[in-house]
Amino acid sequence: DSARNGFSFKGIKDYLECYRSGKLTPSQVAKNIIAMLEDCDKSTPPLRAIVQWDREQIMLMAEASTTRYRNKCTLSCLDGIPVCLKEEFKVVPYHHRVGTVYLGTQPETEDATVAKKLREAGAIIIGVSNMHELGTGTTGCNPNRYHKIPRNPYNPNHFTGGSSSGSAAAVAAGLCPVAIGTDGGGSVRIPASFCGVVGLKGTFGRISCHGSLPLSYSTVSVGPICTSVADAAIVYSILAEPDLLYPYGLKQPKATLSDMCTPDLKGLKLGVDWTFFKACDAEVLSACEKAVKHLQSLGASVVEVSLPEMEEARVAHVICILSEMRDFLQPDFNKHFHEMNLETRASLALASQFTALDYIKANRQRTRSMRFLQEIFSTVNCILTPAVPCTAPRIYESDLLTGSSDMSFTVRSMRFMQLGNFTGIPGLVVPIGYSTAGLPISLQVMAKWWDEAVLLRIGLQLEQFRDQTKKPSIYYDILA
């Protein structure tokens with residue numbers, strides 16, 4: 001932990017200090033959160049980070065946690081910590097709408113594995129968070145009646161990024177220090193970057209997806225969005241393990257946090273493909289280059305690498321994710337077409353043009369891309385890129401009514417994200433600074449399969465690069 005001057009987000013440690021010292025109880029914190037959730041809904045414009053919440057449910061969990069603190073028998077370091085989960089996960093007793101108006105007509109009776117694990121750890125689930133409809137976009141724009149458009153806490157006239165839009169907004173606005181998202185094309189890392197918080201996409205299969213809508217079974221990973229790298233490590237260590245109900249992660253090696261707190265980066269080799277790295281806005285590039293120099297100053301060496309066939313990998317990822325979503329959503333597309341947002345219809349209509357031949361070729365490309373990465377990771381410990389080539393885009397009046405469909409932005413925003421989803425390697429995004437307009441900029445670190453520990457080690461040092469944390473213009477201090 002580093003003492004900072006000025007503003008800093010409240011993280012797990014701050015909550016635990018309040019509980020252990022008796023300054024606040026989880027029940028008092030829960031009452032504060034309920035007051036803030038009511039305030040969010042009434043504000044102009046509404047934040048729309050949490051789209052379903054229940055006062056009684058929040059208080060029940062908080063009171064149970066308060067009793068455990070009183071009796072000194074807490075369940076984990078997440079006991080009493082407020083968390084939210086993306087609406088893609090089943091969470092009792094909320095509606096599993098997945099950003100739509102037609103799914104989840106009845107309240108859920110069974111938790112997704114991650115929701116179950118968070119409950120077992122004693123966390124207070126404050127509700128389910130907003131998301132891009134069916135996870136089909138990267139802005140977070142969802143104009144339908146249940147969701148509306150979540151606002152970026154750094155500037156409410158800008159998007160949060162998607163598709164785990166509400167999760168990132170809730171963390172950046174201080175409603176909870178931990179949120180859970182899913183990431184099939186940057187859906188944890190893009191909103192975390194746009195909202196100036198930390199986002200971790202685990203290795204494919206590392207954290208169970210059981211109980212989330214299986215939109216794309218070969219590209220989606222689960223991960224936490226948090227206020228700090230240390231908090232992401234805590235949540236990761238609790239959620240990352242095999243789940244008998246989720247076959248893709250059964251053979252995983254044990255998750256460790258080895259060497260995470262080493263004070264320097266001596267001996268680490270950071271791979272950078274500078275041509276690929278530099279395809280971003282000038283402000284983003286400038287901040288990211290300085291952050292790389294900072295990592296070098298801590299003893300890491302920067303090694304120039306070449307990421308081959310990135311254009312082929314990009315197209316192949318789109319074919320894989322959209323074909324799998326189109327396959328899974330075939331009944332919805334036929335039956336609920338007119339209830340979907342216009343952008344979702346366009347994406348699924350585009351997906352229906354892909355053939356079996358395209359899908360097979362795309363998966364052959366995946367094998368090639370994974371082989372290239374194996375070779376690269378035999379020479380370096382990680383690959384560095386900017387997180388997103390630009391800062392959060394503006395929200396226009398028309399977006400509120402009809403939504404937003406900008407294919408060129410979608411393609412661009414996913415530029416540095418797709419490799420991780422396509423090949424299954426883990427990725428971490430850490431905020432490193434701000435644009436002149438005050439919008440957050442982040443750097444991404446990717447490592448070989450199952451090596452999240454090295455990401456967290458580098459991430460901890462990367463956090464020290466930012467000389468100050470700007471306070472978001474929408475921020476609730478739950479512990480005040």
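Here a residue counts as buried when its relative accessible area is under 20%. The views below come from a predicted model.

View 1. Take a look at residues 382-386, which make up strand 9. With that under 20% cut-off, 5 of the 5 residues here are buried, so strand 9 is largely enclosed by the rest of the structure.

**View 2. Strand 9 and its parallel partner, strand 7.** Strand 7 covers residues 269-272 and runs parallel to strand 9, with 2 bridges joining them.

**View 3. Strand 9 and its antiparallel partner, strand 11.** Strand 11 spans residues 440-447 and is joined to strand 9 by 5 bridges, the two running antiparallel. Cys 382 turns up again here, with Ala 447 as its bridge partner in strand 11.

**View 4. Into the second largest pocket.** This pocket has a volume of about 490 Å³. Its lining is made of 33 residues, and those closest to the centre are Thr 136, Ile 321, Leu 322, Thr 410 and Met 414. Sorted by class, the lining has 15 polar, 13 nonpolar and 5 charged residues.

**View 5. Helices around the second largest pocket.** Three helices to pick out are helix 10 (310-328), helix 12 (342-351) and helix 15 (407-413), each supplying at least two residues of the lining. Helix 10 gives the most, with 7 residues.

Notes: Residues numbered from 1 in each chain as written. Predicted model: local features only at pLDDT ≥ 70, side-chain atom pairs only at ≥ 80, totals over all residues. Heavy atoms only, no water. Buried < 20%, exposed > 50% of the residue type's maximum accessible area, 1.4 Å probe, protein only. Helix = DSSP H or I, 4+ residues; strand = E, 2+ residues; numbered from the N terminus. Pairing = 2+ DSSP bridges. 1 Å grid on protein atoms, 1.4 Å probe; cavity = no way out; pocket = protein on both sides within 12 Å on 5 of 7 lines; lining within 4 Å. Points joined across faces, edges and corners; volume = space filled by probe spheres on them. Nonpolar A, V, L, I, M, F, W, Y, C, P; charged D, E, K, R; others polar.
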